[in-house]
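Open the model in your viewer and keep the selection tool ready. We will go from stop to stop, picking residues as we go.

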Amino acid sequence: LHDALPISRIKAGAAVSELETERNAAQQRIADLEKRLGLPSADPTARTARRRSARQFLIDLPNKLQQVKDRLADPPPEGEPALVTTLRQARLQAERQVLEERANAARNELSLFDAEDALGLPTLSWDLFTRQLTRERKLVERYTDRTNQLRQQEADLRVREAQEAAMRAQPVLKPILETNEQIALEEAEIRQKHELVQKTLLELKAQLAGLQEDFQDIQDLDKEFGLSASVGLRLRKLRSQLPNLQVHRAEQRALFKTLEQAQFTLYERTGELDGLSDIEAVASKLVSASSGLDESQRAQLARDALAALRTQHNYLDKVVSAYHNYTDTLTRLDLHEQALIKLSDRFADFIDERVLWVRSHQPLALSAILDDRGSFSWLGDWSSWQSIGRAFVNDADQVPFLYGSVGALFVFLLVLHRRVGRRLQELTKPAHSRVAV
């Protein structure tokens, strides 16, 4: 077990590209481990389902073999060519052989399951794969944190370089260098936001995985044991632990607005980067617009302008890359948020369909009423009613329009009630008179 678990270490001095390569490799190992955890050799649920399927096949096997045998014994239809009869018989023989081979495979698999269960290998495999998966996920987190740290350091360095260049800039180049400083600051800010979004995504993935596991587990229990009291209590507990859908829907709407704004900014920065495709032409135009310079000053300005514009092109390329990563992570976060909302909604419906028959309170008895008699004492407490009145007054101060509308509606209904009552009395007088006659 110890040899199978890799040592989670990051090579000192590794570049960002090396860290990303190692992170991608770790993510692939995570995908492979998740697949292996779902196989019958490790997953108890899949193992139980596979064993049930194999046993059911062996139970149905005699009937299937008898059907094939009867079809082999049937005489060929009248007028059927001999070649067709031979081919049909060969197909039935092959079908019988396939059933026999599947039966041998099912018996061998059941024997293997029994032997592995006797040695406890499924539990060991599950423990091994779970530990490997945990270590690989932690390794991915460390690679991600280290990559973000290095990228943030590079962005901070570009900010300092842009600030120093802006302070030493010639007046004609100062707008360009100030723009460079703004782009560098924007990149640093976006990378910080991206790091926070990545952490939120990891937390949401873990929450979604836990919810999926609970949902699958309770579905299996419901299918296997039915609506038992213990399953009902588990349903009530899970219902109280479900995510707050109102909060997540509000977060999802805010997230989409953030994604939309980031996408628009990405388009703008990409357009600015495309506008610097010909840096020499832009620098030449800038030098031509400057007057009162001799040849040496013009040549120096051209060199400085080229350097400033190349720096701006580099900064724009970095910020566009940062926005690409940011929007991609925001998109994945939005998709996981939607998946969590849908799964929570399905889970809540599943529980609500089954939870009504579960007792939510102990049977009411006289002793329980006597024990709770203190709960009714507030009915005679004048201060309790005063607090209720103050609550209504405070609420009316905050939403006066609502209370005013309700009051006006009440007065209108009261007046309408009196008018309708009088009208009904007038209409019933002739009827009473006819009855009296």
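Select R234. At 27% relative accessibility, R234 counts as partly exposed, because that class lies between buried (under 20% relative accessible area) and exposed (over 50%), with a 1.4 Å probe and protein chains only. This is a predicted model, in which local features need pLDDT of at least 70 and side-chain atom pairs count only at pLDDT 80 or more, while totals for chains, interfaces and linings use all residues. Residues are numbered from 1 along each chain as its sequence is written, and side-chain values use heavy atoms, with hydrogens and water left out.

R234 and D217 form a salt bridge, and their closest N and O atoms are 3.2 Å apart. The term salt bridge is used for a side-chain nitrogen of Lys or Arg within 4 Å of a carboxyl oxygen of Asp or Glu. R234 lies in helix α6 and D217 in helix α5 (residues 174-225), so this pair ties together parts that are 17 residues apart in sequence. Helices here are DSSP runs of H or I with at least four residues, numbered from the N terminus. D217 is partly exposed, with a relative accessible area of 30%.

**Next stop: L235**

Stay in helix α6, which covers residues 229-241, and select L235. Is L235 buried or exposed? L235 counts as buried, because its relative accessibility is 1%. What touches L235, leaving aside neighbours within four places in sequence? I218, F350, I351 and R354 are in contact with L235; contact means heavy atoms within 4.5 Å. Then pick F215. F215 and L235 are 20 residues apart in sequence, and their C-alpha atoms are 10.0 Å apart in space.

How many salt bridges does the rule give? The count comes to 19. Side chains of opposite charge can pair when their charged atoms come close.

Select R137 and E34. Their salt bridge has its closest N and O atoms 2.9 Å apart. The pair links distant parts of the chain: R137 is in helix α4 (residues 121-167), E34 is in helix α1 (residues 16-37), and 103 residues separate them. R137 is partly exposed, at 39% relative accessible area. E34 is partly exposed, with a value of 39%.

Move to R47 and E116. Here the closest N and O atoms of the salt bridge are 2.8 Å apart. R47 lies in helix α2 (residues 44-73) and E116 in helix α3 (residues 82-119), so the pair ties together parts 69 residues apart in sequence. Both R47 and E116 are buried.

Select Y403, in helix α12 (residues 400-436). Y403 counts as partly exposed, at 30% relative accessibility. Leaving aside neighbours within four places in sequence, Y403 is in contact with F392, D395 and A396. The C-alpha atoms of Y403 and F392 are separated by 9.7 Å, and the two residues are eleven apart along the chain.

Now widen the selection to W382, W385, I388, F392, V399, L402, Y403 and V406. Together they make a nonpolar surface patch of about 800 Å². Two elements give two or more residues to the patch: α11 (382-398) and α12. Which element gives the most? That is α11, with four residues. Finish on L402, which lies in helix α12.

Methods: Patch = residues over 30% accessible without salt bridge, like charges linked within 9 Å, V, L, I, M, F, W, Y side chains within 5 Å. Areas by Shrake-Rupley, 256 points an atom, 1.4 Å probe, with all protein chains shown as cover.
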